[in-house]
Amino acid sequence: MTVKTSNRQSLLRKFGQSEISVLLVALIVLSVVTYLLKPVFLSQRNIMNTLRQISLSAICGFGLTLIILAGEIDLSVGSQQAVAGIVSVLVLNSTKSVLLAILAALLAGVVVGAINGLIVTKLKINSLIATLGTMAIWRGASMVYTQAVSIQSSVDAFQQLATGFIGPIPNAVVMAVVIFAAIYFLLNYTTFGRYIYVIGGNQDAARFAGLPVARVKMAVYIIGSVLTMFAGVLLASRMASAQPTAGTGLEMIVIASIILGGVSLSGGIGSIVGATIGMVILGVLQNALTLMDVSSFWQDISRGVVIILAVALDVLRKERVAKSLISDQKLAREEVK
Amino acid sequence: MSQDYILSVKNICKYFPGVRALNCVDFDLVRGEVHALVGENGAGKSTLIKILSGVYTCDEGTCFIDGKNIEVLSSTGHINKDVGVIYQELNSAGYLTVAENVLFGKMPVRHGIVQWKEVYRQAAEYLDMVGLRISPKTKVQNLSIAQKQLIEIAKAISMDAKVIIMDEPTSALSPTEISSLFKVIRRLKSEGVSIIYISHKLDEVLEISDRVTILRDGCVVGTAGAGELDKEQLITMMVGREMKELFPVCHRDVHDRVLEVRGLSSDKVTDVTFHVNRGEIVGFSGLMGAGRTEMTNALYGIDKRAAGEILVGGVPLPPDSPQAAKRMGIGLVTENRKEQGIFASLSVKQNISVAALAQYAKSGVISRKREGSDVENIVREMSIKTPSLQQTINKLSGGNQQKALLARWLIDRNLKVLIVDEPTRGIDVAAKSEIYRILSRLAGEGLAIVMISSEMTEILGMCDRIYVMKDGRITGEFHKDAADERMLLEKAIS
């Protein structure tokens with residue numbers, strides 16, 4: 001009997017300690033409170049709208065999660081979305097083909113990601129600085145090219161891409177789910193996924209273990225940019241135009257949600273499931289604030305608070321790890337005695 | 001006894017996860033005495049130093065320095081100022097001047113402005129005390145290791161340290177530099193400074209110290225006047241058994257060259273030529289900073305290869321690619337377990353399978369079943385003690401982490417050459433002898449092993465052939481039966 005209770009206790013404790021359960025509880029509390037204040041929150045229309053909104057940033061966030069897990073960062077994702085919109089709408093308007101428009105943007109993603117990857121792996125520039133640079137470059141280039149004016153799409157089918165539905169579910173949500181599944185598989189079942197964790201965990205040790213450090217980093221930057229560009233196309237599709245200001249500030253929102261989801265900024269620790277829940281929480285929060293008629297400026301402030309809370313959570317987590325090490329130490333001491 | 005004790009330690013114990021680093025240690029230091037501390041790596045010397053200097057707090061016991069209980073001090077986070085430690089790896093700030101280093105944290109200041117004239121005058125005084133005749137304005141990075149060491153000593157004196165701890169001060173010094181260091185030590189002694197002297201070089205220990213305390217496995221084996229001891233006695237007390245028992249006896253068949261290195265040069269090593277045969281353990285001896293680790297880094301492709309040729313089983317190894325080195329069957333266990341070895345946040349299983357992961361994957365998808373069963377087997381085979389394979393590796397003891405790092409390469413079916421750099425650094429004696437047994441079994445099974453070690457007993461006990469390095473070059477080659485400690489040391493210094 002006693003054994004059983006202690007088992008149950010340890011299971012409970014395990015659940016309490018697992019990041020994901022904490023996040024899920026936070027998400028449920030947030031949803032219930034929002035529902036009680038604004039019952040419209042749980043209407044089908046609002047749910048689908050919110051999910052579509054979340055999907056757009058999540059598709060970009062999946063790629064960024066890989067980059068952060070590998071111990072790097074990409075601040076240029078927001079600017080990349082502007083480039084994605086411009087490339088896709090330009091190709092769309094000249095070829096009238098939605099498929100070609102998407103492919104052109106994805107190809108641009110390969111190029112843009114490779115540039116980030118090369119700067120980080122070959123020039124050995126700290127990725128924070130490197131992508132701060134490319135962030136400014138892509139944004140500036142978008143402004144220069146468009147003269148800060150948006151480019152309208154001339155093909156109606158393009159808009160269907162992001163705003164259409166499959167049954168009751170928005171296209172964008174379906175795409176996000178498919179991409180999530182692919183990334184989940186990649187991280188958990190492939191050598192590439194394992195290498196991402198390993199390199200993010202200890203890059204030096206990875207080099208000494210003969211692992212392809214530079215190649216993996218190149219790959220995560222390219223995957224990250226391709227996904228970001230795809231999300232950028234969806235954004236352009238939803239607005240039926242390419243905006244040179246598209247994606248401004250996106251990097252901060254996405255990075256904050258990923259950290260909130262338990263991914264360590266220093267790399268090597270975290271899961272795609274956690275990161276996704278983090279993105280859902282931030283999306284729901286935004287929706288809740290909008291429903292409550294909180295101005296977008298106040299939303300910015302609340303987002304800032306959440307970012308700081310997320311990082312504080314990260315610090316607390318590390319302290320807990322340190323504490324558990326100490327208690328192990330005490331156990332070891334008793335054993336020795 | 002009416003002795004004037006400057007430092008007195010009673011019953012100190014210190015625990016780390018899985019290891020009892022110090023077990024009821026008593027130690028004392030008379031004012032103006034040189035007290036040597038000897039013991040093998042992992043005997044607890046550095047743990048004791050760190051407790052005395054306030055880096056660690058002890059779990060049990062008391063420690064009085066100059067009548068003050070330092071446990072009270074260190075638990076508030078202050079580094080103990082009465083104790084100056086001159087560490088093996090010198091931590092002078094290289095881009096600063098000699099004067100700034102010597103008066104570190106004690107600059108003469110008026111109204112918040114540094115009085116530079118005064119700085120140089122005071123610094124010159126301290127330099128004179130340690131017999132160093134250089135300008136206080138010299139940049140420290142331009143000095144030799146011996147000079148840097150004296151700077152550290154001057155720094156300790158300037159901070160009014162009552163106790164100076166020297167950790168392997170002579171490991172990188174030439175004989176003339178050693179004798180001038182000894183002059184400084186004797187002078188400090190006559191001025192009432194007490195010194196704890198840590199060294200592996202037993203002749204020096206017997207020459208310079210008044211008393212010697214021998215540590216083994218975290219316990220004090222004995223304390224005696226230096227005049228009452230000889231070298232053989234010391235060794236027996238340190239090792240606790242005859243040397244023969246520690247190292248497994250085996251007769252190995254040595255045949256065909258597996259690794260051939262010709263004229264290897266990099267930034268830090270010059271013209272290194274050697275070979276290793278199947279079933280052979282080849283040792284690399286030398287002083288700290290002799291270029292042995294740098295040699296392996298150039299070999300393995302971590303550092304850029306400037307010249308030279310490396311053949312693995314007769315096939316040339318492309319330069320500057322650790323991946324290629326691994327693919328051709330070279331494995332490297334680094335001396336720096338924490339920074340360059342383990343993945344602290346990952347499980348024991350993931351740590352072991354990481355280098356050979358490709359052999360469990362088909363078009364990039366890992367077969368977790370095959371990975372798991374292989375890891376399970378090797379963990380059992382090498383008796384790595386871990387609660388489960390999912391345990392994160394940083395909770396294992398140092399010895400078990402080291403065994404896991406060996407397992408990381410042994411699990412690779414393609415392994416031909418294993419390079420181990422200081423394989424027993426910082427692990428306890430039991431794990432040490434286990435690692436010796438594993439290495440000689442592997443050699444018996446035909447693996448070629450390169451072993452770098454600063455412990456001469458280890459090199460002499462384990463290796464079939466020994467190369468000695470100095471300043472990035474090979475200065476000698478010996479067969480096991482034709483080498484002794486003195487010969488190795490001679491080649492390492494001269």
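**Sheet, helix packing and chain contact in a predicted model**

In the predicted model described here, Ile330 of chain B stands opposite Val417(B), a residue of strand β21(B). This pair belongs to the pairing of β18(B) with β21(B), residues 417-421, in which the two strands run in the parallel sense and are joined over four bridges. Both strands are part of an open sheet of six strands in chain B, whose order is β18-β21-β22-β15-β23-β24 and whose pairing is mixed. Because β18 (330-333) and β24 (473-479) of chain B stand at the edges and have a single partner strand each, one side of each is left without a neighbour in the sheet. From one strand to the next, the twist averages 20°. Helix α18 of chain B, which spans residues 485-493, packs on this sheet and touches β15 (281-286), β23 (465-470) and β24 of chain B, while its direction makes about 30° with that of β23(B).

Helix α5(A), residues 98-121, and helix α11(A), residues 213-239, pack at an angle of about 145°, and their axes lie 7 Å apart. The crossing in which α5(A) passes α11(A) is right-handed. When the residues of this contact between α5(A) and α11(A) are sorted by class, 17 are nonpolar, nine are polar and one is charged. A further helix of chain A, α9(A), covers residues 191-201, and eleven of its eleven residues are buried, so this helix is largely enclosed by the rest of the structure. The buried residues of α9(A) include Phe192(A), Arg194(A), Tyr195(A) and Tyr197(A), and among them are also Gly193(A), Gly200(A) and Gly201(A).

The two chains meet where 32 residues of chain B are in contact with 24 residues of chain A. On the side of chain B that touches chain A, at least two residues are supplied by each of β1 (5-16), α11 (322-327), α12 (337-341) and β20 (365-366) of chain B. The largest share of this side, four residues, comes from α11(B). By class, the residues of chain B that form this side divide into 18 nonpolar, eight polar and six charged.

As regards confidence, the model scores ipTM 0.84 and pTM 0.78. Chain B averages a pLDDT of 85, and 91% of the residues in this chain score at least 70. Where pLDDT is low, the predicted coordinates should not be read in detail.

Technical notes: Residues are numbered from 1 along each chain as its sequence is written. Chains are lettered from A and ligands numbered from 1 in the order in which they are written. This is a predicted model: local features need pLDDT of at least 70, side-chain atom pairs count only at pLDDT 80 or more; totals for chains, interfaces and linings use all residues. Two strands pair if DSSP finds at least two bridges between them. Axes are lines fitted to C-alpha atoms, for helices over the stretch in contact, and angles run from 0 to 180 degrees between N-to-C directions. Two residues are in contact if their C-beta atoms, placed from the backbone, lie within 7 Å. A crossing is left-handed if the near helix is turned anticlockwise from the far one by less than a right angle, and right-handed if clockwise. Ala, Val, Leu, Ile, Met, Phe, Trp, Tyr, Cys and Pro count as nonpolar, Asp, Glu, Lys and Arg as charged, and the others, Gly among them, as polar. pLDDT is the predictor's confidence in each residue, from 0 to 100. A residue is buried if 20 or more other C-beta atoms lie within 10 Å of its own, exposed if 12 or fewer, and partly exposed in between; C-beta atoms are placed from the backbone.
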